[in-house]
Amino acid sequence: HGPSKLLALLLLSQATAYKHAGDVVAARSFALEGEAMSAKLGDIQTRDMCGIQLASIAFEAGQLAEAIAIASDSLEKCRRSLFMRNHFVGAQWLAGFLLLDGDAGAARAPALEAFTLSRALGNVNLMDSVDQLALLAAAQGDRALAARLCGFADAHGRRYAISRYRISLALRDRLIQQLEALTPRDRIALMAEGANWSEDELAKAAQCIR
């Protein structure tokens, strides 16, 4: 059988499975093969999905700089295509990698981009996007805003029974460290305030990220 969109998707699926199993070498091999095949077929959507997965695989392999480079390249490709979901995932992954690398300045644009796309896509992965905004708020010295955003993210996660995965857990740990600068009483009160925000209040708060 020759190259086909179905085969390219199967290769992507294999890459994802091996990544979750902890075999990053096999995962990278399948993702690269899927990326090359889909590019040859002119299947931009699958090509971009493979590129995003390669960034994730690099992160899982402990290669943060490589993950940032691949995610940055993938996001540029995703921005030129019409597939909003890929664009969103690319922006959210890049923002997450940059925040874990301590580069809040570079993370700001993709994080806000991901937040806007999350809302447009019906709040997909909104909890993670709000965590990213909270880290940006903390980086600009506004830990009160960070705590409110953290409270909203928690409440949203509880409401829809959403769990965090590896990168979002790492970002969450960073956020909790930042909030330790607040007194426990203030932190609890601010998070409770954010937990009661409406989505309109959340959107207004996001405008304070600079």
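**Close-up 1. Buried residues of helix α4 in the predicted model.** The structure shown is a predicted model. Helix α4 buries Ala 67, Ile 68, Ala 71, Ser 74, Leu 75 and Cys 78. Viewed down the axis of α4, these buried residues fall within an arc of 140°, so they line one face of the helix. An α-helix has 3.6 residues a turn, so residues three or four places apart point the same way. Ala 65 and Arg 80, on the other side of α4, are exposed. The cover over the buried residues of α4 includes α3, α5 and α6 (104-120).

**Close-up 2. Span of helix α4.** Helix α4 comprises 17 residues, 64-80. At 1.5 Å a residue, α4 should span 24 Å, and its end C-alpha atoms lie 25 Å apart, which agrees.

**Close-up 3. The largest pocket and its lining.** The space in the largest pocket amounts to about 330 Å³. Elements that contribute two or more residues to its lining are α1 (5-21), α3 (44-60) and α5 (84-100). Of these, α5 supplies the largest share of the lining, 5 residues. In total, 15 residues line the pocket, and Met 49, Ile 52, Gln 53, Val 89 and Trp 93 are the ones that lie nearest its centre. Sorted by class, the lining holds 6 nonpolar, 7 polar and 2 charged residues.

Close-up 4. When neighbours within four places in sequence are left aside, the contacts of Ser 129 are Phe 88, Gln 92, Ala 114, Phe 115 and Ser 118.

**Close-up 5. Asn 125, a loop residue with positive phi.** Asn 125 is located in the loop between α6 and α7. Its phi is near 50°, a positive value in a residue other than glycine. Most residues other than glycine have a negative phi. Asn 125 has 32% relative accessibility and therefore counts as partly exposed.

**Close-up 6. Ala 161, in the loop between α8 and α9.** Although Ala 161 is not a glycine, its phi is positive, at about 50°. The relative accessible area of Ala 161 is 71%, so this residue is exposed, the cut-off being over 50%.

Key
Residues numbered from 1 in each chain as written. Predicted model: local features only at pLDDT ≥ 70, side-chain atom pairs only at ≥ 80, totals over all residues. Heavy atoms only, no water. 1 Å grid on protein atoms, 1.4 Å probe; cavity = no way out; pocket = protein on both sides within 12 Å on 5 of 7 lines; lining within 4 Å. Points joined across faces, edges and corners; volume = space filled by probe spheres on them. Helix = DSSP H or I, 4+ residues; strand = E, 2+ residues; numbered from the N terminus. Nonpolar A, V, L, I, M, F, W, Y, C, P; charged D, E, K, R; others polar. Expected span 1.5 Å × (residues − 1). Buried < 20%, exposed > 50% of the residue type's maximum accessible area, 1.4 Å probe, protein only. Arc of directions from axis to C-beta. Contact = heavy atoms within 4.5 Å.
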